[in-house]
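I opened this entry to keep track of what I looked up, starting with the overall layout and ending with single elements.

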Amino acid sequence: MVKLTTIEIARLYHGRKSASYHGRPAWQAKCPVHRDRSPSLSITEPERGKTKVHCFRGCDDEAVLAAKGLKIADLYVDVELTPETIQRMKRDERLQKLERRLELAIMMIALEPAHKNYWRAVERGVRGDIQAMREADDPNERFQREIHERIQREGFDKMWESVPQEMP
Ligand SMILES: [Zn+2]
């Protein structure tokens, strides 16, 4: 049994990264079973550790896999469920939900000018939540935001004056 990750399988089919599918990474490739001019094979990761290979022209999944020496069982990778992994999965899921909500809000601002203010508020809120998650991961993100906010609030000169004098 080979057991490959989705990225490895996508490489095997010479897949190209395409728009994400339900917020998860996706690739497009030429189907090795039928004479494929445009890439009709989609390679997706419906959940962590699981790969889905699908030909939109209707080729049999097993035939598509066999063309690369793979079996259905090779599409599953064991993901060790340590508390850290579970936490990271939950975090990824939440971030993906927020990013979808952000996309929706941006789309709605354009589609529903009458409710623009509402969707702008949603957009701001979601951006804030995403930022908070990034800052929780990386303290440097928070530092950069604080500096940026001070420059906006006080102007660069004033902020510079407040820098301790002993600095060169
Ligand atoms: Zn096909």
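**Layout of the chain**

I first counted the elements of this predicted model, and the protein chain has six helices and four strands. Reading from the N terminus, I noted their order as α-β-β-β-β-α-α-α-α-α.

Next I looked up the overall dimensions: the C-alpha trace of the protein chain spans about 70 × 45 × 30 Å along its principal axes. The radius of gyration of the protein chain is 23 Å, whereas a compact globule of 168 residues would have one near 15 Å. I then checked burial, and 12% of the 168 residues count as buried. For contacts between residues at least 6 apart in sequence, I found that 41% join residues at least 24 apart.

**The core**

I turned to the largest nonpolar core, which has 14 residues, and noted that Y13, L41, I43, V53 and V64 have the most contacts inside it. The elements giving two or more residues to this core are α1 (6-12), β2 (24-29), β3 (41-47), β4 (50-55) and α2 (61-66), and β2 gives the most, with three residues.

**Helix α5**

Is α5 buried or largely in the open? I found that the number of buried residues among its 16 is zero, so α5 lies largely in the open. This helix, residues 139-154, reaches 23 Å from its first C-alpha to its last, close to the 22 Å expected at 1.5 Å a residue.

Methods
Residues numbered from 1 in each chain as written. Predicted model: local features only at pLDDT ≥ 70, side-chain atom pairs only at ≥ 80, totals over all residues. Core = buried A, V, L, I, M, F, W, Y, C linked by C-beta atoms within 7 Å. Buried ≥ 20, exposed ≤ 12 C-beta atoms within 10 Å, placed from the backbone. Expected span 1.5 Å × (residues − 1). Rg over C-alpha atoms; globule rule 2.2 N^0.38 Å. Contact = placed C-beta atoms within 7 Å.
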